[in-house]
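Hi,

Here is the structure I promised to pass on.

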Amino acid sequence: MADPQSNAATSAYPEIPADAPPSGVIHIWHRHTERFTVVGNHLAQHAELSAAAIGIAVYIQSLPDGVSVTAKALALHFSEGETTIRRALNELERAGYIARPRVPLGGGRFATRTVSYDKPGCLPDAKPKPKPVSAQAPAPSGPQAQPQPQPPARSEPPHPPTGPAADLLARLRLADPRLLLSAGDVQRLAPAVETWLSRAATPAQITRTLTANLPPEPVPIHHPARFLEYRLRNLLPPPLPAQGPQPPGPAPLVTCDGCERAFRSHDPDASCGDCREVGAA
């Protein structure tokens, strides 16, 4: 005799297959042909990310390029507050699903861009190479005959900067491991440190100023380069005042021609006071 509860469940949900497992989730699959996003199980089943972080990562991967994904913008879409969303974004950044580099805009200005990775460490897919043109093929004419611009060759990474300013910045991580800087950050901040050195600030004074009153560990410093840039710009000491004219030194010793007495005078041919009085009389 069949179980009446089982029959009721089957009649209420006819899409449940007969060979479905007795417990756990049952998937009803649909083949999407538009408006869908492929998500890797390394993200969907991540063992260390929170549910909020996984959901926000999937949402970001479903967006087209150019859409704002700041914490304020995401808070307008989700019911979670900005604090929860910021924590989720920090989780995704630590796990490698997003990066937030500072991109120079020119004129000393910078902007923070968000880069989303379909899989941590992945690189953009290479475009397929064009097929070689056969020797018998006719030469193209018209606008297509113009040579196509070639993509710029990838430049080699810059050499590590050197000098007193660069050495000072590179050693800051010895004072606090949270102040670890990349070679590019050291190269960008070195001119500001050189300005401090030109104003007679010693390396010990600069290091003490940059590392003073840091938040206690384990509070992270998410952007050490921006943090140091702020201190180098806003705590810059004034230049030392220019030294005024030095007072003249004592007059040199000269010998009087009349009495051979030594006395001080700026005139090498002057006579002492006694000889001048005798000459005047």
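This is a predicted model: local features need pLDDT of at least 70, side-chain atom pairs count only at pLDDT 80 or more; totals for chains, interfaces and linings use all residues.

Let me begin with the second largest pocket, whose lining splits into 6 nonpolar, 3 polar and 5 charged residues.

Residues are numbered from 1 along each chain as its sequence is written, and side-chain values use heavy atoms, with hydrogens and water left out.

Back to that second pocket. It has 14 lining residues, and Arg102, Asp185, Arg188, His223 and Ala225 are the ones nearest its centre. A pocket here is an open set of points on a 1 Å grid over the protein atoms alone, where a 1.4 Å probe fits, with protein on both sides within 12 Å along at least five of seven lines; lining residues have an atom within 4 Å of a point. The space inside comes to about 220 Å³, a volume being the space filled by probe spheres set on the points, with grid points joined across faces, edges and corners. Strand S2 (102-106), helix H8 (183-198) and helix H10 (224-234) each contribute at least two lining residues. Helices (H or I, at least four residues) and strands (E, at least two) are DSSP runs, numbered from the N terminus.

The charged residues there are worth a look. Arg102, Asp185, Arg188 and Glu229 are joined in a network of salt bridges, each bridge being a side-chain nitrogen of Lys or Arg within 4 Å of a carboxyl oxygen of Asp or Glu. Glu229 pairs with Arg102 at 3.5 Å, N to O. That pair ties together distant parts of the chain, with Glu229 in helix H10 and Arg102 in strand S2, 127 residues apart. Glu229 is buried at 19% relative accessibility, whereas Arg102 is partly exposed at 27%; buried means under 20% relative accessible area, exposed over 50%, and partly exposed in between (1.4 Å probe, protein chains only).

Asp185 and Arg188 also form a salt bridge, at 3.7 Å, N to O. They sit 3 residues apart in helix H8, so about one helical turn separates them. Both are partly exposed, Asp185 at 21% and Arg188 at 25%.

The structure has 7 salt bridges. Another of them joins Glu93 to Arg100 at 2.6 Å, N to O. Glu93 is partly exposed at 28% relative accessibility, and Arg100 is too, at 22%.

Now, which residues lie nearest the centre of the largest pocket? They are Ile60, Val69, Thr114, Val115 and Ser116, out of 26 lining residues. This pocket holds about 900 Å³ of space, and its lining divides into 13 nonpolar, 8 polar and 5 charged residues. Helix H3 (51-61), helix H5 (82-95) and strand S4 (115-116) each supply at least two of the lining residues, with H5 giving the most, 3 residues.

That's it from me; send questions whenever you like.

Cheers

Note on methods:
Ala, Val, Leu, Ile, Met, Phe, Trp, Tyr, Cys and Pro count as nonpolar, Asp, Glu, Lys and Arg as charged, and the others, Gly among them, as polar.
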